[in-house]
Amino acid sequence: MGRYLPILARMRRKKGVLIPIEAAILRCAVDLQRRGEPEFHGFFIAKELRDRDEARRLTAHGTLYKALDRLEKAGLVQSRWEDPETAASERRPRRRLYQVTGLGERVATESLRVSPSPRPKPGLEPA
Amino acid sequence: MRIELASAVTRSWVRLYTRRIDADVRASRIAEIESDLWEHRRETEEAGTDPSDAGLQVLARCLAGMPADLAWRSGAARRARSSRRREPMNDLIRRSWWLVPAVLVGLFDVMLFLAQLTHFFGLMEFEPRVGTRLAASAAWLLFAVCIAAGLALRDRRPQRAGVLVIVGSVPALLLVWMVVPPLLGVAAIVGAIYHMTTAPSPTRAPA
């Protein structure tokens, strides 16, 4: 695509640089981990992001899953597919569960130092 | 807009932009979006949100994510291309070595077809068994066609391709005194059987 629209090639992000949505996901995931929820699925993190930012809308599918994909490729989160029996017992599709890695936690802490995230809503502070 | 309709639009879009990329990556993305749609619907029901509002939300999430989906698709396709390019030479040889004897046996079949035909035309006046010559000529052509068809189908229908190559190679085994063609025939048959047992089945990846 960049071949046909040269502007896209110039807009391409540098490797190793987190865009705001990725940094937000990472910080949110670390918060969840501290609250005793080490694993999360895509819709859950979208809901958390909406609640934290007090936004009206959930993150778009493409934006969310592309960001998660990029975070996983960078080794900041890891994922696994839920046990099919668990999903079947709850009569729902299988979830892809993500978890922040040690590296992801360090990067989240660093990104928090550089640009603090919006204040969490009361009751959502880490323990 | 009803949430079912918005979900159906989203599903169609996911199936569209994940076409012709790695089957596992595609199945994984489809399953992940399916799970997201289900969770969204459940949240809507639990929160008592107006179904038409929920439908619009799902549709907005789908539409707003389209540029990212296309960028993701572009990256996934690029990765698949580069991984194909990086396929180790050993794998390529292990997968394709048998094509060489199969092609040589096919050429041998064509050569015998032409030889029989030439012989038929050249000795037409003196040849008492014209019908036999003609039948032999047609048979060698058929064996060559079997091998060509088998090679053409080897990725799409490995089982059928293997059988065709075996059928086209077996007659070469009968010409034992010629030494090389029977050996090539054995190699082609062994390779075809190996291909039949190891080639991945061209079925759809499970969701």
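Okay, some housekeeping. Residues are numbered from 1 along each chain as its sequence is written, and chains are lettered from A, with ligands numbered from 1, in the order in which they are written. Since the model is predicted, local features need pLDDT of at least 70 and side-chain atom pairs count only at pLDDT 80 or more, while totals for chains, interfaces and linings use all residues.

So, the layout. Chain A has 6 helices and 3 strands; these are DSSP runs numbered from the N terminus, with helices being H or I of at least four residues and strands being E of at least two. Along the sequence the pattern goes α-α-β-α-α-β-α-β-α.

How confident is the predictor? pLDDT is its confidence in each residue, from 0 to 100. Chain A averages 80, and 75% of the residues score at least 70. Where pLDDT is low, the predicted coordinates should not be read in detail.

Now the inside. Of the 127 residues of chain A, 32% count as buried. Buried means 20 or more other C-beta atoms within 10 Å of a residue's own; exposed means 12 or fewer, partly exposed is in between, and the C-beta atoms are placed from the backbone. A nonpolar core is a set of buried Ala, Val, Leu, Ile, Met, Phe, Trp, Tyr and Cys residues joined through C-beta atoms within 7 Å.

The largest core has 28 residues, and among the members touching the most others are A:Ile25, A:Leu26 and A:Ala29. Elements giving two or more residues include helix H2 (20-34) of chain A and, from the other chain, helix H4 (66-85) of chain B. H2(A) gives the largest share, 8 residues.

Take A:Ala29: leaving out residues up to four places away in sequence, it touches A:Phe40, A:Ile45, A:Val77, A:Tyr98 and A:Val100. Contact here means C-beta atoms, placed from the backbone, within 7 Å.

Last stop: which parts of chain A touch chain B? In total, 18 residues of chain A are in contact with 24 residues of chain B. H3 and H4 of chain A each give two or more residues to that side, with H4(A) giving the most, 6.

Note on methods:
Two residues are in contact if their C-beta atoms, placed from the backbone, lie within 7 Å. pLDDT is the predictor's confidence in each residue, from 0 to 100.
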